[in-house]
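These are my notebook entries on a multi-chain model. I set down what I looked up, entry by entry.

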Amino acid sequence: MSASGPVSAGRLAAVLLGLGLVVALVSLGALFLGSASVPPADVLAVLAGRVKGVDQVVVLSLRLPRILAALLAGGALAVAGAAFQALARNPLAEPSILGVSSGAAFGVIVAQVFGLGGGIVEALGLAACAFAGAVVAGLAVYLIAARAGGLPIQTLLLAGVIMSLFFSSAITVVISVIDFDRLGGVVHWLLGNLGPIAPGSLAVFAAVTVIGFWLVLRPARQLNLLALGEESAQQLGVDAEALKRRIFAGAALLTSATVAFVGPIGFVGLIVPQSLRMLLGSDNRVVIPAAMLGGGAFLLLADTLARNVIAPAELSVGVITAFCGTPFFIYLLRARTGEPRL
Amino acid sequence: MKLSVLTLVVWALVLMLPQPAAALTVTDQTGRRIELPRPPARIISLVPSVTEILFTIGAQGRLVGRTDFCDYPVEARRKPSVGGMLAPNLEGIVALRPDLVVATTAGNRHETFDQLARLNIPVFLVNPITVADVMDVFDRLGRLTERTEAADRTVAAMRERIDAVTARVEGRPRSRVLYVLWPDPLIVPGRGALVSELIALAGGDSVTADGAQDYPRYSVEAALARNPEVIILASHGSERSPLVRAKWERFGQVPAIAAGRLYTMDGNLMHRYGPRMVDGLERLARFIHPEAFDKAAVQR
Amino acid sequence: MTALVECQHVGFAYAASGAGRSFAIRDLSFEVPLGETFGVIGPNASGKTTLVRLLSKVLEPSAGRVLLGGKDLAGLSRAAVARQIAIVPQDVPRGFPHTVEELVLMGRFPRAPGRFFENARDRIAARHAMETVGVMDLRAALLDRLSGGERQRVMLARALAQEPTLLVLDEPTAHLDLRYQAECAGLLRRLGRDAGLTIVLVSHDLGFAAELSDRLLLMADGAAVRVGSPETVIDEAVLESAYGCRVIVDKHPVSRRPTVHLIYPRA
């Protein structure tokens, strides 16, 4: 652990600057790489507005929106992961463990089966269905886990796992009865894909992400205190119940927005916050903003790989994150039985 | 007086002049209207059947891109590929500067159409369910690529061969046919499947033709309970056919197996609705009514 | 008003489970004057922990009032209470991911709950607290790496960083060996005498409580059995009826404070 003294505004600024640089570099790399080979000089020319035509379409209408979507989705998932891990005091608490991802996925699949998914308006309808599914799952988890006067973390995690299983089974039922023609599309979506999203949808995605981010970031100091145990935190003046509700809402919002707009992508919320904690310490006032940037960079890197490694075909980005995530998950599991650290 | 007559004459002449190449408005098979400034010269096909059709009617010069699955005829493989049908590479598509993309609602995804629409690339959709629809696809593609004569000739030839088949099997008792699109899970053709009509034309009754979906999933029990007299297994290029046959041959009580009427055929002949569809039909008819054809070897 | 803390006929029952409610505390009344070290002793389930929770406003009384400096706790926000009362809990949860200095700084939260970062004043208070208990050289260490005694002192530093008027310690010697018990006693004496801090000491260790406290409260079954000087409360008959076992009370050879010896049953 390399924390040198307690956190201050200056330290946060330095971390954000460093990560911002990483994001900028990865974004530039992603702009340069793709199956339509556009030389870097031409890419820069397009950005400067000097070149039109095919290159402009590729860079501005295909790559750029995809990069923005990746940065938003990666950041949202990483922040949601960080929030849940601080809440549950467990590094294995991932947004998809809550069942929210599965609920959202179920919402989308049901909508697709019933015919949505045509024009742009219908695409927004699809996103709304994902939201509905996510909220249903999140509320169900909350209601199952809530006790009079409390939200015990262990029960919350268990309820999340049960909800996940339930919705996964529901999805399997749908898959086994839908028309063969539709099957490919649904299975493809379930792997998580970052395609270029319509600008309108991207704006909605960004707005929702900002709201969720703010919900989680503002009480970051209280979230730190939660590590003392709920009772000790309350003895220091933290309203633990209100805090838990707010963090849950924020993280659920971030997760469901991501699933709605780019499909379910796993492991980002597991890998990124934990890696950042190993580098920067566990103070949430640094980890959460860092996750917003670090998650974006990570997912963008994974997506750029997915796009280019077997060009012209594309891998789903969920495949890359799962490949990285599984060994990481195992490592965390093993590390927990040894020296305890969050 | 003279002036108004003169005006009329001038207008008439103007109207008779050859117009500059007018905007072309076409309707695709889902009923959408597509406006093109001129007949398309750079077409990308996201459908293997369409690729085959374009080659057959001699329009391959206008084809600039295909999918990985577009493998027939062999010349098609020389065209650049833009990836798979579910997730074609958008950058690849854009880089080929197409003025039209031909796609299908059964095999490509709606997201792809939306994204292409946002990039101002026109998309022409096909989705033939019946044999008549297939001829319609030939027709539309012929008109799009200004190869109407070739298209009409091909359609006529196909119709002749189809009529020949129906003539041969006419009057014969119709066999109950089970067509296995995929063995595990068991997928069979239902009402909206092209194969169902082909089976009917070949003198058979598909035992699963009442399935509400296009390609419903059946349990093996339910399928065999309908007592098929002929079972046809579609192979899709894998080497598993001997294993699959062995699995089905176990059901000795089923009329088809007892009579030894379990056949395998190339799936591409039955599910691509290009010119080879009639090859598939003829093969089907030989399986269902071998007695109607000469002693040419019936492939097992 | 010389009483800093006052409990007036306080009662508390945990949520019903089964038939009827079980009262954890019944009709408890006592007061603690400013500057006093007040010990609370009693067997398990006598209500000692519940009392700590009531004092820190984690729980609210079902009956009666708890007054702090004459004001009812019910009317104060949790943060306002935390600015005056600091609790030193038994232990920190496992796997605590922060350093000593970060932990001590957490004690500054109630001073300005709305602020995102700690300011210079906070850092000075934290350092002062760490110096008082003698953990300055450990400030960059992870809490998990520390010994029981060191961890105890760090938790005390966090409580002191709150700059409270009342310090409540919940079983301070629970995990400490002899040396650290002595250290802890010395530290608490200094805080009580030199800094004038009012201290409430909840302990199952009768000798420790008797040694340090000016007055004692003996609780049993949620009620007060006796309040008074250590000599008054630590009385054989009283203890035997409260604890249900036989004891002998003696005087400490050095401090002359009461000590308790358990009469072990033979066979």
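**Entry 1: domains of chain B.** I began with the division of chain B into domain 1 (18–146) and domain 2 (172–292); such bounds come from an automatic or database domain assignment. I note at the outset that this is a predicted model, in which local features need pLDDT of at least 70 and side-chain atom pairs count only at pLDDT 80 or more, while totals for chains, interfaces and linings use all residues. Residues are numbered from 1 along each chain as its sequence is written, and chains are lettered from A and ligands numbered from 1 in the order in which they are written.

Taken over C-alpha atoms, the centres of domain 1 and domain 2 of chain B are separated by 30 Å. I then listed the contact between them: 11 residues come from domain 1 of chain B and nine residues from domain 2 of chain B. Two residues are in contact here if their C-beta atoms, placed from the backbone, lie within 7 Å. On the domain 1 side, helix H2 (48–56) and helix H5 (131–144) of chain B are the elements that give two or more residues. H2(B) supplies the largest share of that side, five residues. By class, the domain 1 side holds seven nonpolar, three polar and one charged residue. (Ala, Val, Leu, Ile, Met, Phe, Trp, Tyr, Cys and Pro count as nonpolar, Asp, Glu, Lys and Arg as charged, and the others, Gly among them, as polar.)

**Entry 2: a residue in H2(B).** I looked up B:Phe55, which is placed in helix H2 of chain B. Is B:Phe55 buried or exposed? B:Phe55 counts as buried because it has 21 C-beta neighbours inside 10 Å. The cut-offs are 20 or more other C-beta atoms within 10 Å of a residue's own for buried, 12 or fewer for exposed, and partly exposed in between, with C-beta atoms placed from the backbone. Leaving aside neighbours within four places in sequence, I find B:Phe55 in contact with B:Gln60, B:Pro73, B:Glu75 and B:Ala76. B:Arg66 lies 11 residues from B:Phe55 along the chain, and their C-alpha atoms are 12 Å apart.

**Entry 3: chain B as a whole.** I counted 12 helices and 10 strands in chain B. Helices (H or I, at least four residues) and strands (E, at least two) are DSSP runs, numbered from the N terminus. Of the 300 residues in chain B, 43% are buried. Among contacts in chain B with a separation of 6 or more, 58% join residues 24 or more positions apart.

For confidence I consulted pLDDT, the predictor's confidence in each residue, from 0 to 100. Chain B has a mean of 86, and 89% of its residues reach 70 or more. Among its elements, strand S3 (residues 43–45) of chain B has the highest mean pLDDT (96) and helix H1 (residues 2–16) of chain B the lowest (63). Where pLDDT is low, the predicted coordinates should not be read in detail.

**Entry 4: a sheet in chain B.** I traced four strands that form an open sheet in the order S8-S7-S9-S10 (chain B), with parallel pairing; two strands pair if DSSP finds at least two bridges between them. Strand S8 (204–206) and strand S10 (262–266) of chain B are the edge strands, each pairing on one side only. From one strand to the next the twist averages 35°. Axes are lines fitted to C-alpha atoms, for helices over the stretch in contact, and angles run from 0 to 180 degrees between N-to-C directions.

Three bridges link strand S7 (residues 175–180) of chain B with S8(B) in the parallel sense. The bridge partner of B:Ser175 in S8(B) is B:Gly204. Helix H7 (residues 194–201) of chain B packs on the sheet, touching S7 and S8 of chain B, with its direction at about 155° to that of S8(B). Helix H12 (residues 277–288) of chain B lies across S7, S8, strand S9 (230–235) and S10 of chain B, at about 145° to S9(B).

**Entry 5: contacts between chains.** Which of the two pairs of chains that touch has the most contacts? I find that it is chains A and B. There, 27 residues of chain A are in contact with 28 residues of chain B. Chain B and chain C do not touch, and their nearest C-alpha atoms are 43 Å apart.
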